[in-house]
Amino acid sequence: MLYRLAFLFVIMTGFTGLVYQVTWHKYLSFYLGSHAMAASLVLAVFFLFLSLGYSVLGRNIHRIRIKNKLFVYGIIEALIGFYALLSPQIFHLLVAWLPAGGQDQAGDFMLGFVFTTLYIGIPTFLMGTTIPVLTQALSKSFDQSHATHAAVYGLNTLGAVFGALLAGFVLIDAWGLPLTLLNTGILNILIGLVTWLIWKARPLAFAGTAPEPVDRSAPVSNAGWVALLYAVSFASGFYVFSLENLMIRLAGLIIGSSGYTFAMIVAAFILGIALGSLWVGRRRIDSPRFFLWVQIALLASSVALYLLVPSLPELFARVRVVFAPSYINIPLYWSAVFVLFTAILLVPVALMGMNLPLIFNYLRSRGLFLSQTVGRIYAVNTLGSVLGSLVGGYLLFFVFNWDGVYRFNLILIALTLPFIALLTSGEKVRRARFAASAAAIVVVLLLPRWDDHAFLPSPALITRAPATATSLEPTLESLRDRATLEFVYHGPAAHIGVLDMDGSPQLHINGNPNTGAIDWELRAMNAMYPLSFVRNPKSVFVVGLGGGLSTSIFAEMPSVENVVVSEIAIGAIKALPYFDVQNDDFTTRPYYDKVRFVPADAIKVLRSSSEQFDIIVSEPNHPWVAGVENLFTVEFLTEVRERLTDGGVYCQWFPLFVSEPDTALTVLNTFRQVFPEVRVFSAGGGTLSILASERPLRADAEWLNQVNKQVGHRLEANDSDFADPLFVLATEALNDWSLTSIVEHYPATQTFEFPVVASAAFRAKFAGIGTNFTDRIADRLHSIAPESALGGDMLYEPLRDQLDEQFFDDAHDKLTRRGEIARASLPRLWYHRTTWFESEPDWPDENSRATLAYLTGLSDDFPSHLHELAKDPSAEPGLIEAGLIGEQALGTADARVPVSSGAVADSEPSDPTLPASMAAGRSTSATNSDSGPELRPAAALYHSYRQLIRAQVPANIGRVIAEVPAECDSRQCAELQRLILFTTLKGDKQGQQLLELNLDDDTARERVDALFRQLRASR
């Protein structure tokens, strides 16, 4: 029983080891940057110290006087656990003591190596000691040592599968990084404690010694042959990790490069290795011939996988369309993807997993102690893993395309065949097998290259099954007929493709469309917004090159002297000339020389630089993409703030169309925690441009016109509404006060230790969820800013003397064409247009104008059409009761806006989880209530009141209250009372309690009615 319990600990420590690896990688990626080199460096250091642990303790464990080595294992596990508890504090101390390096790549690499070594060297060394210790501690006899070693290796690796999956998919999302380390560290300490109890109860007797130091009759007795097996062990470590890195990249290209993809491929590899090890450990194997057949099968299955790879994008596109866009299907989808990837990789990876147990079996009699043999084998193998991570996982991508990297590893596998053939008996047999091995290498060299058209445009873009077709072929053909592949770069950091889509270039990064003609105006405004509020900027920093549009606009600005662009994907820099058609021939212009490209992570570049910038702009990939979420953290924004000049402005693009409402609020609140001045603009297209500064932003009509004269020709050439320089001011969606009001009851922020954005963004992407700005964000505003509020004005208000009626009329026309932003902005524009000028606009319609004038105090005449509406029995309830939409009206419910892939989230909410009436913006209560007609004027007024408040226009809630019937005993009436109370209470604790009441209960309705009477009396 105790023996079996020890094997359970083997599984558990494999689990904790991968949880640590994933979590520590998150910490180190923030210090090292999200570059592929950083990931390879972390893996290299991790396995280097594992190798040292295998080797050092394997050679010396027999010197430890504790007879039962299981107790030694327990001590090691407890030490690892204690280090995990302290590791967050150790990380922050190291960062303070050894700040990130500069922009020199060689120096950065060395500094990163030193930092990573100091941070994870000790615990990974200790982890490396566990396999030799466990093999000796759990082997009951020498004859059983092969099976024991394979079981330890396999079960430990099997536990690692669950560690990778749970850490990547569950633990970090649920607990954050520090709590994940805390809980996992406690588990290691408990394992150490229980092994001590086992040792006290029943010490095991086997000392781990072989019957003879060297078995001269064994088939592997020659020292040269032993060296060949160590060479195979080294090569195995190299190609396993090189191919694992390559498959992570390919999976990102096929299904999207999220953090989940990384965890899933790592888990699939680990599972295959564990199953292979466990399978071979249950068999008695004496002849090296079996090892040769394993290697032949490995080469054959790896070649088959190579030939299969180009068909995988379409295969996984078929898997995707099986699952309807819904939250409930996300775990099912990932389970299906994991099972499919595991099935595809299982045979070659399981064969790789057989290598070390087989080599141990052949070499176990070479040393006096089993732990010595295990230590040597694993040390050599792990050294190969280190080089596989650094060279095969990164440097080879500078030399070969992705298919070339795969073929390089196939050749390495083929080269092991002659080595193993030399171990077999019989000269003729060895020659024949050696010749066959050479032929295998020739076959590998003749393999066809992968067709890049199979990956671009990515079939992963298809997220829904075609409506009329039973097969994906017509949809895929239609997608590819529109696209001509013009440029491909298989880079170490990302796969870059430029496609001519309907005559316009489109940039794809890891298969995901990044820029194109469809979002030209939005990307242009990411430059124009900060230029509008920084006079004569001289230095600009751009995070993410994309198609280069904003970079080209900044460089063209006469006052700008230098533009620094941080872009980790080298291929994007090489692809820039293909976008000259959109960028006004940027790469051929003299001002192109102002630009300096830094192929490094923006976080590292800013942290290591002392340079100050007038403008910093971030144009990241979508937030679900691995590494991008760091750009939304408090830590990154703090670095940005410290690199801004006095009066400098930071502009961040944020996509609402793949974001849950809570995600958008988290990002906005994170900005608000770092910067004293934050304003939000929307150029349309379901995106926000968030402007932040340490100084209040001020609009200057003269400067706006000057900017337009200098770079506005780009907008004019594309017939953009923003060719009118003042239109920028009309697209301000939230000023500093309103943003504070929205997030003051929403405490969540994004930090690198508590990341929430990436996982939420992926959920939104999968389920087709977007955030409608008006209905999900602006509706959280329930009160107008006090006159004393800092930043209470919209930016155009101080320009009253410089604006005329035409500004408002033009803004109305343009915003109306732009969708959702108009619904929030038009009441504000109408109010100022009406109060600033004697003439009255002919928009909105007559009835709406009468209602708005009554609520704002511009008129004391009650809108007569509302009384007529109350008398009309055929009136549409959805129009009359627009104010009665429960918590959704206040943005407090979990209401979401489904959108199609790549679509703009500007439609009305139609969440399938809500009743149809609520989703359409009307009350869920019965419309035939006795008080229904009497409520109609009050409900319509309340709806208009909400429109005014979210547009930041003063409105009189007292006039709404006055229209609520004095006798109010229906559920429908109680709904309206509750909403008015919540609005008046401004969302405090009492207001939240009101929203939780069940108004089907008579007591709850009486409570609401009593509070409402008090409110009426106070008015």
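How many of the 1019 residues of the chain count as buried? The share comes to 62%, with buried meaning under 20% relative accessible area, exposed over 50% and partly exposed in between (1.4 Å probe, protein chains only). The model is a predicted one, so local features need pLDDT of at least 70 and side-chain atom pairs count only at pLDDT 80 or more, while totals for chains, interfaces and linings use all residues. Residues are numbered from 1 along each chain as its sequence is written, and side-chain values use heavy atoms, with hydrogens and water left out.

The chain holds 40 helices and 14 strands, taken as DSSP runs numbered from the N terminus (H or I with at least four residues for helices, E with at least two for strands). Contacts here are heavy atoms within 4.5 Å. Among contacts between residues at least 6 apart in sequence, 79% join residues at least 24 apart.

A cavity is a set of points on a 1 Å grid over the protein atoms alone where a 1.4 Å probe fits but cannot get out, and its lining residues have an atom within 4 Å of a point. Points are joined across faces, edges and corners, and the volume is the space filled by probe spheres set on them. The count comes to 8 cavities of 30 Å³ or more. The second largest cavity takes up about 800 Å³. It is lined by 42 residues, and Leu18, Phe47, Leu50, Tyr54 and Thr157 are the closest to its centre. Elements that give two or more residues to this lining are helix 1 (2-32), helix 2 (36-60), helix 3 (69-97), helix 5 (130-138), helix 6 (145-201), helix 7 (223-255), helix 8 (259-281) and helix 13 (370-399). Helix 1 supplies the largest share, 9 residues. By residue type, the lining of the second largest cavity splits into 24 nonpolar, 16 polar and 2 charged; here Ala, Val, Leu, Ile, Met, Phe, Trp, Tyr, Cys and Pro count as nonpolar, Asp, Glu, Lys and Arg as charged, and the others, Gly among them, as polar.

Leaving aside neighbours within four places in sequence, Ile254 is in contact with Leu312, Pro313, Phe316, Ser458 and Ala460. Residues up to four places away not counted, Asn409 touches Phe238, Tyr239, Ser242 and Leu243. Another residue at 0% relative accessibility is Cys651, which counts as buried.

On to charged pairs: side chains of opposite charge can pair when their charged atoms come close. With a salt bridge taken as a side-chain nitrogen of Lys or Arg within 4 Å of a carboxyl oxygen of Asp or Glu, the count is 28. One of them brings together Glu660 and Arg763, at 3.2 Å from N to O. This pair links distant parts of the chain, 103 residues apart: Glu660 is in the loop between strand 9 (644-655) and helix 22 (661-674), and Arg763 is in helix 27 (residues 757-767). Glu660 is buried at 5% relative accessibility, whereas Arg763 is partly exposed at 31%.

In another bridge, the closest N and O atoms of Arg672 and Asp736 are 3.3 Å apart. Arg672 belongs to helix 22 and Asp736 to helix 26 (residues 736-743), so the bridge ties together parts that are 64 residues apart in sequence. Both Arg672 and Asp736 are buried.

Arg959 and Asp860 also meet in a salt bridge, 2.6 Å from N to O. Their positions are 99 residues apart, with Arg959 in helix 37 (residues 957-961) and Asp860 in the loop between helix 31 (846-856) and helix 32 (864-871). Arg959 is buried, with a relative accessible area of 17%, while Asp860 is exposed at 62%. Elsewhere, a network of salt bridges links Glu521, Asp721, Arg817 and Arg818.

Finally, the cysteines. Taking a disulfide as a pair of cysteine sulfur atoms within 2.5 Å, the count comes to 1. The bond joins Cys968 to Cys973, with an S to S distance of 1.5 Å. The link of Cys968 and Cys973 is left-handed, with -130° about the S-S bond, and both cysteines are buried.

Note on methods: On a 1 Å grid over the protein atoms alone, a cavity is a set of points where a 1.4 Å probe fits but cannot get out, and a pocket is an open set with protein on both sides within 12 Å along at least five of seven lines; lining residues have an atom within 4 Å of a point.
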